[in-house]
Amino acid sequence: MSESRALTAGRSPAFSLPSPAESPLRRPLGVAGLDAALGGGIARGRVHEVYAGAAGEGPSAAGFALMLALKAGGAQGHIVWLGPRETLPHGPGLAELGFAVEHILFVSVTGEKALLKAAADIVRSPAAGTLVVDAAAAAKAIGLTESRRLTLFAERSGVTALVLRGHGGQVPSSAETRWLVTAAPSTPIEMEAPGGPAFAVDLVRRRGGPPSPGWRLEWDRETGAFTPLPGAVPADTGVRQLAG
Amino acid sequence: MKSPLRHACGAPPPRTGDELVVFTDRIANAVRLTALSPAAVAKGLTPNLTLADARARFPELVAIERDHAAEADLLARIVAGLARYTPMATSQPRDGAMLDISGCAHPFGDERGLARDLAGRLKAGGVTARLGLGDTPEMARARARFGALEGDILALPVEALEADAATTTALRRAGLKTIADLACRPRRMLAARFGDLALRLGRLLGEEDRRITPERALPPIFALRRFAEPIGRVEDALACLEDLLGQAAVSLLDRHAGGRRFIARLFRSDGAVPLLSVETGRPVRDPAIVMRLFRERLEALSDPIDPGFGFDCVRLDVPATEPLAPAQTGLEETRDPAEPLAQLIDRLAARLGPHSIRRAVPLNSHLPECAAMLAPPGEPGAWRRPTDPDPPARPLRLLDPPARVDVTYGLPMGPPRRFVWKGQAHEVARWEGPERIAAEWWRRSIAADIWRRRDAEDHNLPLPPGAGGLTRDYYRVEDADGHRFWLFRHGLQAEKGRPGWYLHGLFA
């Protein structure tokens with residue numbers, strides 16, 4: 001007992017870190033119903049998980065996670081992308097989505113262990129702003145313990161962490177929210193051309209609140225905000241005149 | 001020091017010694033002579049003459065552009081060599097050196113002996129030099145430039161004062177042609193009319209002495225600690241290293257510098273010297289920051305440092321430094337907001353290797369795979385953000401290399417209807433395109449057969465499309481489930497009989 005007290009006393013400088021906010025700062029996503037379901041918006045200084053709905057939904061999940069990061073961190077906030085070198089996002093593609101690419105730092109790692117260590121390191125530093133961890137290939141490595149550790153660090157530093165999981169089974173975690181993302185048919189623009197990014201999003205889990213499935217969202221790069229996707233549009237059957 | 005002047009100026013080796021060699025500079029948009037060979041001076045050429053005029057008079061003129069950086073380099077080497085005569089040696093830009101030889105002349109007999117030795121040494125090194133002795137730096141300078149080694153200072157022209165051109169002209173107009181003319185006048189009058197001229201005169205005549213600041217190479221920054229007994233724990237050695245970092249920080253602060261690279265050597269008693277090296281993205285001095293980097297580095301080692309029989313000595317070197325102004329930490333915390341991110345980057349770089357931390361930088365190319373580059377985090381790169389409401393034209397994930405897909409299409413040059421990727425069929429529901437991206441023929445070597453084909457057809461056609469690479473037709477397609485892909489047809493019909501299809505990217 002005395003030893004533990006001594007340890008506590010010795011570690012007292014650790015408590016000079018900003019104490020975890022009881023109610024985190026929330027940034028609205030721009031869709032009224034979804035913000036209400038989230039209790040005001042996406043929580044900063046927390047861990048959020050984004051699962052891909054199926055095998056081919058990786059890009060949609062990555063895109064959605066990045067957009068959440070942009071909403072959570074603000075337009076000029078720093079975003080750190082951590083993941084394997086093979087699946088780093090394409091710079092011009094990010095710029096086309098409305099990101100300030102000069103504020104995005106890419107950290108590439110190989111191996112699950114290095115990924116976890118680097119993620120903990122980045123989340124601990126308040127400078128990181130927002131972290132997106134591409135753990136799709138390392139889905140098994142982040143279990144309950146690892147996610148709790150990330151949550152603790154995130155609460156202390158105020159860094160928002162978005163963990164990209166693959167499409168496998170959902171594992172227990174201490175994340176604030178868990179999203180299941182699949183691509184949705186976009187709103188066609190003129191000439192029946194495919195439109196901007198569109199997602200079918202299920203908020204499958206929220207800490208301290210009910211889940212809220214069945215959202216269909218669209219990303220507007222001009223305003224940098226989500227908008228509800230207008231009702232399902234029947235897809236083009238493919239019988240068309242060749243342009244030009 | 002083998003004929004450094006010639007090396008520095010890039011002149012050919014002397015053949016006869018009487019070529020008209022001149023060195024030129026661009027002054028106010030005109031190429032003018034600024035340095036002349038003795039032969040050129042003998043022919044009547046003067047500095048400040050334009051090269052065109054000089055050439056008109058002497059077509060055989062050898063004109064060489066002056067390389068000031070190389071000259072400064074040479075001068076620095078000469079000054080460093082002059083340290084054999086006195087520790088107080090400094091360069092006087094752009095072509096002089098000043099030595100304070102007070103109390104240094106006795107090995108050579110007297111000052112004249114020293115000057116003789118110096119002249120001989122410079123001559124042997126291929127340097128033409130004029131020497132002057134004087135009681136003050138200004139007096140020596142004036143004698144070297146305008147008079148003889150120990151000539152009469154009063155007989156020197158007023159130019160020896162090296163005042164600005166207007167003052168010199170004014171003095172000449174007033175009939176004051178030599179120093180003697182000025183020396184006999186009341187100083188107060190000179191000061192009232194010409195400002196600092198009285199001061200210059202005083203210094204030239206040796207009435208007022210001003211010391212010179214010697215140039216000395218800064219010693220490398222290092223800190224070292226030996227132990228009476230070898231210490232057996234790496235932790236203790238690191239604690240000692242932290243102490244050394246504190247010492248190095250003091251020396252760095254004195255120089256207003258920060259370290260960019262730190263090397264720690266732990267000398268083991270059996271002779272092995274494990275080495276730890278860390279680099280930082282910006283100059284740092286704070287021992288705590290560097291220590292953290294060292295610990296990261298230590299953790300990232302594949303096999304930990306083995307203390308063996310203990311460490312005898314710990315040494316810290318700071319081989320790379322950069323200017324870093326001393327910062328005052330005030331009562332109010334006003335910290336540079338960029339600093340913590342730089343620290344985070346350094347820490348990650350120490351652990352993961354510097355190549356793991358990257359920023360995307362746009363490149364000037366139409367080819368999607370060449371449109372961006374991953375660069376070090378310090379690299380600036382301005383991205384243009386689209387402001388129209390159009391959907392993204394570039395994918396979030398680029399496949400490198402593009403994946404070959406089997407495509408069903410209605411028309412040979414038409415859009416894809418259906419494609420199979422990774423064994424899965426995708427029906428194209430919507431599409432947009434083509435966006436035609438031609439190969440960058442100006443970058444590639446042009447295949448010889450294209451030229452041959454052009455010649456054989458005997459047509460004066462422009463360069464056929466696809467010279468040096470195939471044209472790509474990109475389509476943005478969406479399948480029935482809403483997945484968005486970026487496909488391209490590799491080659492036009494004219495370039496290739498059956499163009500292949502590739503998947504190059506995936507949209508969000």
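This is a predicted model: local features need pLDDT of at least 70, side-chain atom pairs count only at pLDDT 80 or more; totals for chains, interfaces and linings use all residues.
Let me start at one residue: L51(B) touches T24(B), V31(B), R32(B), L33(B), L61(B) and A63(B), leaving aside residues up to four places away in sequence, where contact means heavy atoms within 4.5 Å. Residues are numbered from 1 along each chain as its sequence is written, chains are lettered from A and ligands numbered from 1 in the order in which they are written, and side-chain values use heavy atoms, with hydrogens and water left out.

Back to L51(B), which lies in helix 3 of chain B, residues 51-57; helices (H or I, at least four residues) and strands (E, at least two) are DSSP runs, numbered from the N terminus. L51(B) counts as buried because its relative accessibility is 15%, and the scale here is that buried means under 20% relative accessible area, exposed over 50% and partly exposed in between, with a 1.4 Å probe and protein chains only. T34(B) is 17 residues from L51(B) along the chain, and their C-alpha atoms are separated by 9.8 Å.

Staying in chain B, helix 10, residues 197-204, is mostly covered, with six of its eight residues buried. Those buried residues are L197(B), A198(B), L201(B), G202(B), R203(B) and L204(B), and what covers them includes helix 6 (137-146), helix 7 (165-173), helix 8 (179-183) and helix 9 (187-194) of chain B. After helix 10 comes G206(B), whose phi is positive, near 80°.

Strand 4 runs antiparallel to strand 5 of chain B, residues 96-99, and four bridges join them; two strands pair if DSSP finds at least two bridges between them. The two strands form a hairpin with three residues between them, and Q92(B) stands opposite G96(B).

Turning to chain A, we find six helices and eleven strands, and buried residues make up 54% of its 244 residues.

How many residues does each chain bring to the contact between A and B? Chain A gives 67 residues and chain B gives 57. The area buried between them is about 5100 Å², of which carbon and sulfur atoms give 59%; buried area is the accessible area (1.4 Å probe) that two parts lose on being put together, summed over both. Of the area that chain A buries against chain B, H90(A), P194(A) and R221(A) supply 13%, more than any other three residues.

R221(A) also forms a salt bridge with D388(B), the closest N and O atoms being 2.4 Å apart. The count between the two chains is four salt bridges, each being a side-chain nitrogen of Lys or Arg within 4 Å of a carboxyl oxygen of Asp or Glu. On the side of chain A that touches chain B, the largest share, seven residues, comes from helix 3 of chain A.

Finally, the chains also meet through strands: strand 5 of chain A and strand 10 of chain B, residues 357-362, run antiparallel and are joined by two bridges, with V107(A) standing opposite I357(B).
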